[in-house]
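Visitor: Could you walk me through this model, starting with the backbone and moving on to the pockets?

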Amino acid sequence: MTAGRPVAWHRARVVEARAETPRSRRLVLDVPTWPGNDAGSHLDIRLTAPDGYQASRSYSVGSSGDGTRVVLVVDEVPDGEVSPYLVRGLQLGDELEVHGPLGRFFVWRPPGAGADPAALAPVQLIAGGSGVVPLFAMASAHEAARDATELRLLYSVRSPEDAFFREEIATFEATRVDWAFTRRAPDGATRPPGRLTREALAELAVGAERAPRVFVCGPTAFVEAVAGWLVELGHAPAAIRTERFGGTP
Ligand SMILES: Cc1cc2nc3c(=O)[nH]c(=O)nc-3n(C[C@H](O)[C@H](O)[C@H](O)COP(=O)(O)OP(=O)(O)OC[C@H]3O[C@@H](n4cnc5c(N)ncnc54)[C@H](O)[C@@H]3O)c2cc1C
């Protein structure tokens, strides 16, 4: 569970469904019994076929706080069992079973108003592709709280069109956002497109000497590469929290 919020099964209804990018969909669920969730949490969705066959998968929550609306963004994994249905089959008004909120260690809460800014460690968020969902929730919580934390988001994604929450990220004022486009960068970008490297990470992320807390999320291979480079660059392993979305190890 996320601190103080009981984990349970809930019935959820799809109240909004729209294309987020050409291969992903944003789903807004109304979950009347949802206890709220901290930024970074996830939930499990369980689907049941007419013959009783069940499949469940985890999805990060892109929203946080005490409300009963839950925002998800699902990327379609070609030939996947569950994601193609969530992206193309699920209809407005459909009901789903969800279990959560989950993820005690991969959450971030803005510090209270009385926190001493000098005592707050910077926070570096590093997202690969759909891994931005829980990190977007953290940055949005920071934007809303306007707390004294220095919070930065490094988002590695194929092209501007593939970015989740593009419009919302463009409005961020309290969060520094660095983009690392892997296939196509927008006109005027200062960096050519290409996969994130250790050197680019050293340049774009808060340095180890400032002892940031780091959250890394994305496909397994991305998370493992980035976490390894962070350690090589001198970051304390205990300061690095990771969440792997699956895919090639
Ligand atoms: C904590 C957590 C949070 C997650 N949050 C999100 C989220 O916010 N949005 C989101 O879109 N997904 C998220 N995922 C991934 C999600 O749970 C599923 O794994 C994904 O939707 C694929 O499910 P599937 O049934 O379509 O594919 P499957 O039928 O399970 O897999 C089909 C094939 O695709 C590969 N594969 C599985 N997952 C991935 C992946 N993520 N990337 C590339 N290849 C993959 C498998 O190895 C397999 O070869 C999260 C995973 C975890 C563990």
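Visitor: Which strand does P101 lie in?

Guide: P101 lies in strand β6, residues 95-102, strands being DSSP E runs of at least two residues and helices H or I runs of at least four, numbered from the N terminus. The peptide bond leading from G100 into P101 is cis, with omega near 0°. This is a predicted model, where local features need pLDDT of at least 70, side-chain atom pairs count only at pLDDT 80 or more, and totals for chains, interfaces and linings use all residues. Residues are numbered from 1 along each chain as its sequence is written, and side-chain values use heavy atoms, without hydrogens and water.

Visitor: What about F165, buried or exposed?

Guide: F165 is buried, at a relative accessible area of 0% (buried is under 20%, exposed over 50%, partly exposed in between, with a 1.4 Å probe and protein chains only). Although not a glycine, F165 has a positive phi of about 55°, and its place is the loop between β8 (151-157) and α3 (166-170).

Visitor: And D79?

Guide: D79 is exposed, with a relative accessible area of 81%, and has a positive phi of about 65° without being a glycine.

Visitor: Switching topic, where does the largest pocket lie?

Guide: Domain 1 (8-102) and domain 2 (117-244) both contribute lining residues, so the largest pocket lies between them; the domain bounds come from an automatic or database assignment.

Visitor: Which element gives the most to that lining?

Guide: That is α5, with five residues, and α5 spans 220-232.
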